[in-house]
There are 4 protein chains.
Amino acid sequence: MIAILKPGVSETQIENLKTWLLSKNVDVHISRGKFQTVMGLVGDTSKIDSDLLEGLDIVEAVRLVSDPFKSANRKFHPDDTVIDVRGHKIGGGNFQLIAGPCSVETPEQILTVAESVKASGANILRGGAFKPRTSPYDFQGLGETGLKYLLEAGKAADLPVVTEIMNIEHIPMFDDVDIIQVGARNMQNFELLKELGKIEKPILLKRGLANTLKELLMSAEYIMSEGNQEVILCERGIRTFETFTRNTLDLSAVPVLHDLTHLPVIVDPSHATGHAYLVESMAMAGTAAGADGIMIEVHNDPSKALCDGAQSLTPEQFRRTAQKVMKIREVL
Amino acid sequence: MIAILKPGVSETQIENLKTWLLSKNVDVHISRGKFQTVMGLVGDTSKIDSDLLEGLDIVEAVRLVSDPFKSANRKFHPDDTVIDVRGHKIGGGNFQLIAGPCSVETPEQILTVAESVKASGANILRGGAFKPRTSPYDFQGLGETGLKYLLEAGKAADLPVVTEIMNIEHIPMFDDVDIIQVGARNMQNFELLKELGKIEKPILLKRGLANTLKELLMSAEYIMSEGNQEVILCERGIRTFETFTRNTLDLSAVPVLHDLTHLPVIVDPSHATGHAYLVESMAMAGTAAGADGIMIEVHNDPSKALCDGAQSLTPEQFRRTAQKVMKIREVL
Amino acid sequence: MIAILKPGVSETQIENLKTWLLSKNVDVHISRGKFQTVMGLVGDTSKIDSDLLEGLDIVEAVRLVSDPFKSANRKFHPDDTVIDVRGHKIGGGNFQLIAGPCSVETPEQILTVAESVKASGANILRGGAFKPRTSPYDFQGLGETGLKYLLEAGKAADLPVVTEIMNIEHIPMFDDVDIIQVGARNMQNFELLKELGKIEKPILLKRGLANTLKELLMSAEYIMSEGNQEVILCERGIRTFETFTRNTLDLSAVPVLHDLTHLPVIVDPSHATGHAYLVESMAMAGTAAGADGIMIEVHNDPSKALCDGAQSLTPEQFRRTAQKVMKIREVL
Amino acid sequence: MIAILKPGVSETQIENLKTWLLSKNVDVHISRGKFQTVMGLVGDTSKIDSDLLEGLDIVEAVRLVSDPFKSANRKFHPDDTVIDVRGHKIGGGNFQLIAGPCSVETPEQILTVAESVKASGANILRGGAFKPRTSPYDFQGLGETGLKYLLEAGKAADLPVVTEIMNIEHIPMFDDVDIIQVGARNMQNFELLKELGKIEKPILLKRGLANTLKELLMSAEYIMSEGNQEVILCERGIRTFETFTRNTLDLSAVPVLHDLTHLPVIVDPSHATGHAYLVESMAMAGTAAGADGIMIEVHNDPSKALCDGAQSLTPEQFRRTAQKVMKIREVL
């Protein structure tokens with residue numbers, strides 16, 4: 001950690017700060033430049049709150065010498081993490097299509113979708129049982145029953161499954177789930193993250209609506225620092241002023257994250273855009289940006305043909321999208 | 001709920017949509033205008049997912065006739081909710097200053113601050129025991145011990161206390177706390193909100209960094225729909241592109257919320273701005289905007305005189321700020 | 001234009017509003033639904049200020065029946081506009097690589113870059129002569145001299161050129177420029193747009209840092225409504241809270257704009273990301289998203305090998321990026 | 001300017017960078033710390049592009065020793081700038097209410113409003129003649145005629161006037177205007193700013209929708225560096241994700257700007273919120289935050305009583321708001 005002091009700081013102020021820092025058991029090296037004095041802090045700086053230090057009257061800026069994320073940091077772990085989900089690998093050059101309905105509705109619905117997306121090239125089945133909804137009056141998902149239908153469909157179609165958790169107490173219920181998803185709204189539910197760090201199962205961690213990439217990595221760190229090293233990061237759009245799309249898909253996140261971390265990065269164009277007609281081009285763009293996987297909402301209910309305009313693709317639309325995504329993968 | 005159809009929609013499409021809606025057990029009234037057809041849905045529309053409806057190819061827009069928030073809605077509860085915290089009232093013309101340190105550190109520290117802020121006019125003591133931190137390596141608060149120190153200081157100084165909860169399992173630990181705070185990061189931790197709705201204790205609900213006022217009200221609704229009607233809303237800054245302040249304090253939120261809801265609204269200028277030198281003017285501005293209370297960080301540690309630049313006020317700074325805030329209150 | 005009135009509006013209020021609207025010479029059709037009354041306005045509604053109408057106490061919302069953009073609207077002009085720049089076509093399935101340095105520095109520099117990017121597949125040369133800089137003390141470009149060097153290099157390398165204009169009075173100076181660029185900061189400099197609408201030359205209109213896609217189309221409309229129909233839209237990143245990239249490249253803009261307008265849409269990954277290491281993946285992603293062109297900064301100054309980390313690519317990096325972009329094009 | 005180099009940079013790289021910097025005619029002082037090497041650049045650093053420097057592979061960060069704004073900087077000009085508009089002072093403890101209609105419509109309308117707002121305590125009259133509108137099809141203001149009506153009303157009511165300019169060529173037309181306003185959309189129309197720097201007349205510079213406070217100061221600097229030192233800064237809301245208000249009024253801007261600059265700072269609650277019912281509380285909050293003036297839209301057209309819900313206040317509403325604002329001023 002280095003602290004750049006403001007110009008014109010007095011020797012007494014520098015000495016006071018040094019004394020305080022030494023009391024925290026870190027060594028202090030002072031470089032007096034022509035313009036500015038810079039303090040380098042050596043040792044266990046974990047006791048030094050960088051926000052507090054930067055808040056001091058005499059400090060202009062604090063810079064961390066090492067990134068605050070350690071387990072997720074590519075510098076200390078140069079090779080890509082490859083996550084193996086029942087034989088289907090994600091990361092390190094391995095790409096997966098994840099597909100399925102927003103919500104699990106009936107055993108037939110989820111099985112039909114499972115078989116259809118598998119036929120089109122998806123190797124992992126998604127489906128929501130516990131749904132985080134802005135309103136308490138909206139449908140909250142089928143809960144444990146939905147989870148049961150999803151697991152049965154996954155078994156019948158021989159597809160590993162991913163589904164979202166919202167409550168620490170539900171963890172035992174997710175024993176047979178292959179990948180546990182943490183949704184955008186819970187990205188900084190640190191208590192949940194810590195508990196998920198204690199189990200052995202891949203965690204799909206979605207970026208929060210207004211969270212920076214650094215905060216996403218720090219949330220991955222909450223999981224990893226407890227032991228669980230299998231974290232898949234997911235870009236799913238951030239909140240901006242633009243209203244044509246539900247959120248703004250930040251595809252730069254893919255190469256930035258690949259530079260900063262060894263963890264796999266996937267993209268969810270369905271939730272990001274909120275419109276089916278945008279999913280195909282954003283799935284292709286995300287693939288071209290270097291994502292390790294794409295997660296797409298697909299539903300299959302002929303009696304709801306009305307819903308074609310929503311964010312879910314029909315199985316036929318998904319088939320075409322999957323083909324185009326695969327062609328982009330071949331180019332890379 | 002009304003659905004405005006796109007221009008040029010065919011009669012067949014209209015009939016199909018109507019049939020589907022009728023199957024959801026709502027009545028459908030159709031107004032055919034010169035330009036656009038508008039469908040009015042009557043009955044229990046809670047089974048109709050407005051997002052899905054709006055996503056249909058033939059629907060241009062969906063408008064809710066009633067606001068999605070019911071318990072919090074001023075229309076159904078015109079009088080201000082007044083929350084009584086051991087004799088100190090908030091809302092309905094009653095104003096409270098809430099003050100205390102960011103973190104509880106020692107029994108002496110929290111008691112000294114408690115007595116000092118009380119002498120300056122604060123009637124509620126704040127102090128963090130469980131701290132949500134971006135990094136798992138940062139200080140996470142004293143936890144249960146901190147809670148004990150806070151409660152002891154509150155008792156000794158005869159001040160009710162408010163402190164943050166992060167985990168459903170901790171609820172029993174908060175039995176003697178007077179107001180339970182839900183932090184910005186947990187504003188959409190719906191599972192936590194639902195549990196807090198089952199207890200009888202005021203909840204101070206902070207607006208999330210990137211959450212709209214409507215979402216804030218929907219989160220209050222999660223608490224209220226479970227039974228607990230005592231929710232205090234708190235504006236504490238939203239995330240924008242500006243970097244001179246930690247967040248952008250959105251003071252328009254105060255009159256907007258007073259218009260939409262009967263719940264009290266307070267302002268936290270310390271977390272919003274992140275700089276002590278901005279707290280006084282923003283506390284005054286928040287008061288002038290009509291807030292029912294102001295929450296300010298105050299610390300008292302002569303050995304850390306270095307920290308004056310951080311976001312906490314010294315007791316002396318708080319005394320001056322409290323006086324100015326009270327003068328503004330007199331004008332209103 | 002339709003106005004949805006608030007529930008509970010009285011007949012007198014409706015009559016008053018109708019009288020006022022009739023006085024503006026529009027016809028008014030009233031549909032009284034079970035819940036809400038909807039007014040349809042017929043005739044020349046251009047005299048009705050929709051903002052003012054929506055601001056009325058009794059109006060809940062105003063919806064425009066026709067989009068506010070007319071010339072740019074795909075509904076009235078279903079076929080893609082194809083812009084021919086000295087034989088190089090953009091739009092309607094035609095894709096162009098535009099490349100060149102941020103600033104024109106010397107005749108040698110711009111010619112070297114021109115020849116090098118042409119060899120790698122670029123068909124249009126970019127280069128800044130007038131530079132909009134946040135600070136008046138920063139380098140503002142070579143001005144008219146830079147323009148001269150750029151035109152000479154374009155002629156020597158047989159490449160059409162694109163360069164930015166900042167001042168109405170400079171228009172005559174741009175007589176020999178092939179495409180005139182309007183930068184992000186001038187996207188709503190309506191006086192400049194109107195003047196550029198009076199000339200016959202393609203205009204490359206960049207999206208403003210905080211402008212919606214609708215506003216971008218309305219700015220195109222300022223140009224087109226004066227006569228000039230050759231507008232190329234350019235997504236170059238919007239301002240968000242994320243700081244790892246200079247701006248957040250909004251690639252969803254490409255398919256959204258293709259849906260709304262017949263105008264060509266290109267992507268500038270260099271300015272959007274601000275980092276050379278992100279340009280290649282974002283150029284590929286933009287191409288996969290369906291852009292009609294990609295604009296990339298390339299510089300060529302062996303003595304400044306130091307600068308490799310900046311947002312400009314070296315000619316060799318550009319060569320590789322161009323190859324990958326072309327491979328993605330082949331897939332589409 | 002200081003450049004903090006990345007850890008692990010080689011001596012050769014440091015020497016190369018030093019050689020390049022020396023070629024730019026600045027002196028270079030190198031401080032080698034235990035962790036990081038810091039370069040201090042002395043002399044005329046205006047030739048060094050800090051963006052380019054920061055983009056170098058070996059540079060971690062560049063920090064400017066002096067703020068990039070010089071004329072506007074409080075450090076070099078500690079006393080508040082007081083702007084005298086025909087005897088009405090703004091800044092340095094002097095507060096002004098500015099009021100008037102959004103657009104000048106008729107001689108009678110502007111005169112009636114002028115007399116009415118003067119009676120309520122306003123000392124400066126605002127009114128738009130040239131209106132920047134998102135759509136080319138919307139009313140663009142009365143132009144030169146509107147300017148004439150405004151000036152006549154100002155003369156008749158003995159009030160100085162402020163009105164917006166959009167085009168350099170219009171400057172001579174504004175000869176008799178007391179304060180020239182630069183709107184949010186033109187805040188970075190640098191060519192216009194430079195020309196306004198060459199005249200002797202106060203400039204009211206509005207913050208752009210997505211511009212940082214530093215960028216606002218740099219735009220003031222464009223005016224001041226050309227000679228004109230009379231700049232009034234105006235906070236009028238920034239673009240965020242919240243939709244209940246047109247923009248988010250950033251009142252922290254007032255104390256932040258007072259800290260950074262000696263220029264007066266006013267607040268425009270009408271444009272920021274877009275709703276009349278929010279103007280009073282935000283005018284009071286802006287005053288409590290320390291603004292040197294408040295600018296409010298007022299219209300007076302009994303035949304348009306319908307419009308009460310829009311962002312303009314009626315004269316009676318303005319009278320009440322002015323009284324409350326003045327009471328807040330007395331407290332300060």
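This is a predicted model: local features need pLDDT of at least 70, side-chain atom pairs count only at pLDDT 80 or more; totals for chains, interfaces and linings use all residues.
**View 1. β2 and β3 of chain C run side by side in the antiparallel sense.** Here we're zoomed in on β2(C) and its neighbour β3(C), which covers residues 37-42. Six bridges link the two strands.

**View 2. Four strands of chain C make up an open, antiparallel sheet.** Reading across, the order goes β2-β3-β1-β4. The edges are taken by β2 (27-32) and β4 (59-63) of chain C, and each of these pairs on one side only. Going from one strand to the next, the twist averages 20°. Helix α1 of chain C, residues 11-22, packs on this sheet. Along the way α1(C) touches β1 (2-5), β2 and β3 of chain C, and its direction makes about 155° with that of β2(C).

**View 3. Chain C meets chain A with 33 residues from each chain.** The largest share belongs to α9(C), with eight residues. Sort the chain C side by class and you get 19 nonpolar, ten polar and four charged residues. As for how the copies fit together, 100% of the interface residues of chain C are also interface residues in chain A, so the two meet through the same surface.

**View 4. A 180° rotation puts chain C onto chain A.** The shift along the rotation axis is 0.0 Å, and the superposition has an RMSD of 0.1 Å. That's the relation of a two-fold axis.

**View 5. Chains B and A touch through 39 residues from each.** Four helices of chain B each supply at least two residues to the side facing chain A: α1 (11-22), α2 (50-55), α5 (190-196) and α6 (213-224). Of the elements on that side, α6(B) gives the largest share, four residues. By class, the chain B side splits into 18 nonpolar, twelve polar and nine charged residues.

Definitions and conventions
Residues are numbered from 1 along each chain as its sequence is written. Chains are lettered from A and ligands numbered from 1 in the order in which they are written. Copies are superposed by least squares on the C-alpha atoms of residues with pLDDT of at least 70 in both. Two residues are in contact if their C-beta atoms, placed from the backbone, lie within 7 Å. Ala, Val, Leu, Ile, Met, Phe, Trp, Tyr, Cys and Pro count as nonpolar, Asp, Glu, Lys and Arg as charged, and the others, Gly among them, as polar. Two strands pair if DSSP finds at least two bridges between them. Axes are lines fitted to C-alpha atoms, for helices over the stretch in contact, and angles run from 0 to 180 degrees between N-to-C directions.
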